[in-house]
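The following report describes selected features of one model.

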Amino acid sequence: MVARLVIAAPSSGAGKTTVATGLMAAFAGRGLAVSPHKVGPDYIDPGYHALATGRPGRNLDAYMCGTGLVAPLFAHGSRGCDLAVVEGVMGLYDGAADQGELASTAQVSKLLKAPVVLVVDASSQSRSVAALVHGFASWDPEVRIGGVILNKVATDRHEHLLREALGESGVPVLGVLRRAPAVATPSRHLGLVPVAERQAAAVEAVAAQAEQVRAGCDLDGLLALARSAPDLRTEAWDPNGPWAGAPGRAARRPVVAVAGGAAFTFSYAEHAELLTAAGAEVVTFDPLRDEALPEGTSGLVIGGGFPEMYGPELSANEPLRKAVAELARSGAPVAAECAGLLYLARSLDGTPMCGVLDTDARMSERLTLGYRDAVAVSDSPLAAAGARMRGHEFHRTVIEPGAGARAAWGLRQPERRVEGFVQDGVHASYVHTHWAGAPEAAARFVAHCGPGHGAESGT
């Protein structure tokens with residue numbers, strides 16, 4: 001199997017994304033084929049990973065996809081690569097609430113039999129760093145912490161004190177990084193600003209991260225650690241599984257339009273692969289720029305993103321809003337998650353949207369965040385009533401009302417409620433799902449892309 005490293009930290013904010021992305025870019029700059037991965041449901045970090053490596057950033061989520069799919073999905077993404085770098089989520093041992101180690105970076109490292117490099121924010125400590133590293137290294141003997149990268153080190157004297165303290169820990173220091181404003185990535189209400197919204201600046205930031213890592217890290221030592229990972233005996237996940245042939249594969253290839261561009265950046269690579277395996281022709285379009293849906297569109301997928309940052313521009317594209325509404329009224333399948341739900345609403349912060357759903361959206365001070373155990377309330381092109389799927393919510397908006405006459409999901413935690421809308425062929429919800437964990441959803445969706453729907457029918 002491919003050489004591999006997991007980049008983790010004691011907590012969020014230590015610099016995992018900077019280090020992981022910098023390592024990916026630095027190793028790619030050496031001519032290695034680098035496979036980028038992210039633990040958890042995050043959509044934004046994989047965009048920077050893709051920029052660093054030239055390959056799709058892929059998520060490894062043990063909650064949404066199940067522990068049994070972590071290694072197969074990893075093998076699928078890293079096929080043909082020399083090295084895989086896996087960025088962790090939150091602190092090393094943090095996972096799904098009240099679920100023990102489930103979905104934690106530690107669990108994923110064990111499932112991948114991968115050594116862990118701990119990124120420590122050393123800005124406010126010296127000798128205490130040894131106690132911190134010792135605690136993390138000894139907490140779970142199945143987690144192998146193979147090295148430490150010290151981040152935000154102030155001076156040569158500070159570095160000396162840190163190295164001296166760690167000298168007896170048994171965990172080698174594989175990198176020391178100084179504070180560097182050039183590598184910083186701007187954040188806002190839901191985390192980092194996506195690559196698609198700052199392409200040129202993002203390229204510069206990734207280049208700066210790579211240079212910082214090259215200058216401050218022992219790349220040869222890190223590569224040797226990655227190559228020390230044992231064989232991982234697993235069969236790679238394949239989108240062309242038994243679910244792809246029936247009922248999804250049709251004699252013709254229906255066009256499924258997938259929203260992209262700066263306003264709709266949240267998408268898992270496996271979704272397009274599953275739609276293609278089910279027989280669809282997947283075409284990406286940009287609701288900020290394109291005034292019509294792709295020719296022949298008979299199904300529409302609108303994932304997550306930041307329509308709240310582009311409300312006036314999305315509203316100003318009236319021809320596309322009308323085309324989306326007409327497609328939805330035709331009964332064609334439409335799957336909308338979070339940002340897609342807002343786009344289908346009557347309005348967003350008072351600005352007209354597509355008007356497909358009788359609900360209005362607005363920004364909120366409250367952050368809604370967490371995994372969701374969902375059961376389909378109504379039959380839809382995405383799921384049959386009673387089907388169970390796991391997902392994730394992450395937004396600072398609210399919609400009123402929060403559910404239609406036919407709701408999309410019944411949620412079991414953190415509180416019992418119904419949410420979302422099923423209307424004609426539309427399935428719209430705040431819940432993000434990962435279809436690799438429920439691949440039949442893609443086949444079902446493509447099967448609903450039947451004759452009589454689409455741009456060729458005048459929609």
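The buried residues of helix H3 are covered by elements that include strand S1 (3-8), S2, strand S3 (58-60), S4, H4 and helix H10 (269-277). Helices (H or I, at least four residues) and strands (E, at least two) are DSSP runs, numbered from the N terminus; contact means heavy atoms within 4.5 Å. The model is predicted, so that local features need pLDDT of at least 70 and side-chain atom pairs count only at pLDDT 80 or more, while totals for chains, interfaces and linings use all residues. Residues are numbered from 1 along each chain as its sequence is written, and side-chain values use heavy atoms, with hydrogens and water left out.

Buried means under 20% relative accessible area, exposed means over 50%, and partly exposed lies in between (1.4 Å probe, protein chains only). The buried residues of H3 are Val70, Ala71, Pro72, Leu73, Phe74, Ala75, His76, Gly77 and Ser78. His76, found in this helix (residues 70-78), is buried at a relative accessible area of 12%. Neighbours within four places in sequence aside, His76 is in contact with Arg58, Ala236, Trp237, Pro239 and Glu273. Gly80 follows H3 and has a positive phi, near 85°.

Lys38 belongs to strand S2 (residues 34-39) and is buried, with a relative accessible area of 4%. Its contacts, leaving aside neighbours within four places in sequence, are Asp45, Pro46, His49, Arg58, Asn59, Leu60, Glu87, Gly88 and Val89. Lys38 and Glu87 are 49 residues apart in sequence, and their C-alpha atoms are 4.8 Å apart in space.

H1 is mostly covered, with 12 of its 14 residues buried. These are Lys16, Thr17, Thr18, Val19, Ala20, Thr21, Gly22, Leu23, Met24, Ala25, Ala26 and Phe27. Just after H1, Gly31 takes a positive phi of about 95°.

Two packed helices are described by the angle between their axes and the distance between the axes. Helix H1 (residues 16-29) and helix H7 (residues 199-216) pack at about 85°, with axes 7 Å apart. Axes are lines fitted to C-alpha atoms, for helices over the stretch in contact, and angles run from 0 to 180 degrees between N-to-C directions. H1 and H7 are therefore roughly perpendicular to each other; angles under 35 degrees count as roughly parallel, over 145 as roughly antiparallel, 65 to 115 as roughly perpendicular and the rest as oblique. On the H1 side, the contact is made by Thr18, Val19, Thr21, Gly22, Leu23, Ala25 and Ala26, and on the H7 side by Val206, Gln209, Ala210, Gln212, Val213 and Arg214.

**Nonpolar cores**

A nonpolar core is a set of buried Ala, Val, Leu, Ile, Met, Phe, Trp, Tyr and Cys residues joined through side-chain atoms within 4.5 Å. The largest has 115 residues, of which Leu112, Leu150 and Leu222 touch the most other members. H1 gives the most to this core, with 7 residues. Apart from it lies another core of 37 residues, among them Ala262, Ile302, Leu314 and Tyr430. Excluding neighbours within four places in sequence, Leu150 is in contact with Val120, Val129, Leu162, Leu166, Val173, Gly175, Val176 and Leu177.

**Backbone particulars**

| Residue | Phi | Relative accessibility |
|---|---|---|
| Met90 | near 50° | 36%, partly exposed |
| Lys152 | about 60° | 28%, partly exposed |

Met90 is placed in the loop between strand S4 (83-87) and helix H4 (105-111), whereas Lys152 lies in strand S6 (residues 145-153). The peptide bond from Glu400 to Pro401 is cis, with omega near 0°. Pro401 is found in the loop between strand S17 (388-400) and strand S18 (409-411).

Ala345 occupies the loop between helix H13 (339-344) and strand S14 (347-348), and is buried at a relative accessible area of 0%. Not counting residues up to four places away in sequence, Ala345 touches Met353, Cys354, Gly355, Val356, Leu357 and Thr359.
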